[in-house]
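Me: Good morning. I am new to this structure, so please take me through it topic by topic.

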Amino acid sequence: MKIAVIGTGYVGLVSAACFAGWGHEVVGADKDARKIAALRRGELPIYEPGLDRLVDEAVAQKRLSFTTDLSIAVAGADIVLLAVGTPPRLRDGEADLAFVYAAAREVAGLIDRFTVVVTKSTVPVGTGDEIERLMTRARPDASFAVASNPEFLREGSAIGDFQRPDRVVIGANDSRARELLQALYAPLREQNVPILATDRRTAELIKYASNAFLAVKISYINEMADLCESVGADVREVALGMGLDHRIGAGFLNAGPGYGGSCFPKDTLALLRTSQDHAVPMRIVQESLAVNDARKRRMALKVIDALDGRAEGASVAILGLTFKPETDDMREAPSIPLIEALQRAGARIRAHDPEGIENARAVLDDVEFFDDPYECAAGADAAVLITDWKSLKALDLGRLGHGMRRRVLVDFRHAFDPAEAERHGFALTAIGRPSEK
Ligand code: NAD
């Protein structure tokens, strides 16, 4: 099958490389000429484990190519996947569909045979209807169907998630579109991955319903962590005890500094806007959003408490900046509000991240960055672990503490063993258990 993927960001590039790996002929198109130039040079514009090898192989086998020219990508394509961004609109938090509609309009002018135009981007219910309307207006003569195929991959484990997903959701109101999408995912059907074929609106909603549910689960365990701190219980054991119950499941029960990233904050907000537009209150989602926002802001107070209330003039080493490990993505990372709040309180910030420094520079002011975590902590009054990269969880606490002015450690990810921290003379503050200070 010939496939065009419009947008070569985290989702588009991974999808394009994986589809090519299954033997399809794929062209990835992006408006960002710098991204395409990098891809053509054999360089990845993003960090995602294993993606470089997959892209290299597909390009070498001539199954994957890149262009800035949508007409090259769309010519002869059976399926056009829209994988452009849908960021939150500044004025109201609704999903900004400008990129999706612009791409769909352009695609409408280019299709030359029956083509299935598929939203892989996360789009609110009814977007497929609107794409169908605008494409019909732009090209009344064209033969096409619009379908929804939401993506559930996670940055950092995107390839495994794409190649071995829990399920694939296909939303199509047109039988030819449904059959083409079933054929696209045939390798997964052979592996017995459930492929849920449903109507377009239902598919669009499944994505939001799933992400909002996970966001609620995180906020739930985060509030439980606060209660644990007050009553002297340990949230990790509470989560373990809850997660062993199959009805609950162990995933997404890690208490932390609040969720971030390019999906949960924007998708929960967009779902809320949809619910408001339809006058259907979703109070649980609304509260979980508020809980998360407040939490992200409040986390700086934990660091200030650990510094005995004196942030003014203190030097704080932040370990891990990206919204999760194994990605360079800084979108909505909890590190950002935490660092800004510490700066407002008068602290000086030094920071390290294995992959995120370049993107962090673009969103953080007055931060000194270090490639080496030990150099980052040298002379600091406190070290704060925000993102649980493997390399940071494996830090030698003796060496870390050796260079620090004060041995104060704030662990937002349960990365360090309290006994080990104590052995190295650290006063440890962690989430969801009584402070070891
Ligand atoms: P991204 O910002 O990394 O990439 C989007 C790309 O689209 C950019 O490279 C941009 O230049 C390109 N683009 C925009 N308009 C274009 C146009 N008209 N023609 C060609 N290219 C265009 O975004 P992402 O993280 O890959 O997310 C894409 C979508 O997938 C979003 O809707 C997101 O919610 C959804 N999603 C993301 C993830 C994730 O983990 N990142 C997971 C599941 C779903």
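**The ligand and its surroundings**

Me: How far is an oxygen atom of the ligand from an N or O atom in the side chain of Thr86?
Reply: The distance from a ligand oxygen to an N or O atom of the Thr86 side chain is 2.5 Å. A pair of N or O atoms within 3.5 Å is called a polar contact; within protein, one atom must be able to donate a hydrogen and the other to accept it, and residues adjacent in sequence count only if both atoms are side-chain atoms.

Me: And what should I know about the model itself?
Reply: The model is predicted, so local features need pLDDT of at least 70 and side-chain atom pairs count only at pLDDT 80 or more, whereas totals for chains, interfaces and linings use all residues. Residues are numbered from 1 along each chain as its sequence is written, and side-chain values use heavy atoms, with hydrogens and water left out.

Me: Back to the ligand: what about Lys35 and Lys266?
Reply: A ligand oxygen is 2.6 Å from a side-chain N or O atom of Lys35, and a ligand oxygen is also 2.6 Å from such an atom of Lys266.

Me: How much of the ligand does the protein bury?
Reply: The ligand alone exposes 830 Å², of which the protein buries 90%. These accessible areas come from the Shrake-Rupley method with a 1.4 Å probe; for residues, only the protein chains shown count as cover.

Me: Which residues come nearest to the ligand?
Reply: There are 26 residues around the ligand, and those that come nearest are Asp30, Lys35, Thr86, Glu155 and Lys266. A residue is near a molecule if one of its heavy atoms lies within 4 Å of it.

Me: What classes are in that shell?
Reply: The shell around the ligand has 10 nonpolar, nine charged and seven polar residues. Ala, Val, Leu, Ile, Met, Phe, Trp, Tyr, Cys and Pro count as nonpolar, Asp, Glu, Lys and Arg as charged, and the others, Gly among them, as polar.

Me: New topic. How is the protein divided into domains?
Reply: Domain 1 covers 2-198 and domain 2 covers 290-430, with bounds from an automatic or database domain assignment. Eight residues of domain 1 and 11 residues of domain 2 take part in the contact, where contact means heavy atoms within 4.5 Å. The domain centres, taken over C-alpha atoms, are separated by 37 Å.

Me: Where is Arg200, and is it buried or exposed?
Reply: Arg200 is in helix α10 (residues 200-231). Arg200 counts as buried because its relative accessibility is 3%; buried means under 20% relative accessible area, exposed over 50% and partly exposed in between (1.4 Å probe, protein chains only).

Me: What does the side chain of Arg200 make a polar contact with?
Reply: Its partner is the side chain of Glu132, at 2.8 Å. Beyond four places in sequence, Arg200 also touches other residues, including Val146, Ser148 and Asn173.

Me: And Tyr259: where does it lie?
Reply: Tyr259 lies in the loop between α11 (235-243) and α12 (264-277). With 5% relative accessibility, Tyr259 is classed as buried. Among the residues in contact with Tyr259, its neighbours within four places aside, are Ala215, Phe264 and Lys296.

Me: What is the phi of Phe252?
Reply: Phe252 has a positive phi of about 60 degrees although it is not a glycine. Phe252 is found in the loop between α11 and α12, and it is partly exposed at 31% relative accessibility.

Me: What about Lys62?
Reply: Lys62, a residue other than glycine, has a positive phi near 60 degrees. Lys62 sits in the loop between α3 (51-60) and β3 (64-67) and is exposed, with a relative accessible area of 72%.

Me: Finally, where is Arg348, and what does it touch?
Reply: Arg348 is in strand β10 (residues 348-352) and is partly exposed at 48% relative accessible area. Leaving out residues up to four places away in sequence, Arg348 touches Gly313, Ala314, Ser315, Val316 and Arg405. A polar atom of the Arg348 side chain lies 3.0 Å from the backbone oxygen of Gly313. Arg348 and Val316 are 32 residues apart in sequence, yet their C-alpha atoms are 6.1 Å apart.

Terms used: Helices (H or I, at least four residues) and strands (E, at least two) are DSSP runs, numbered from the N terminus.
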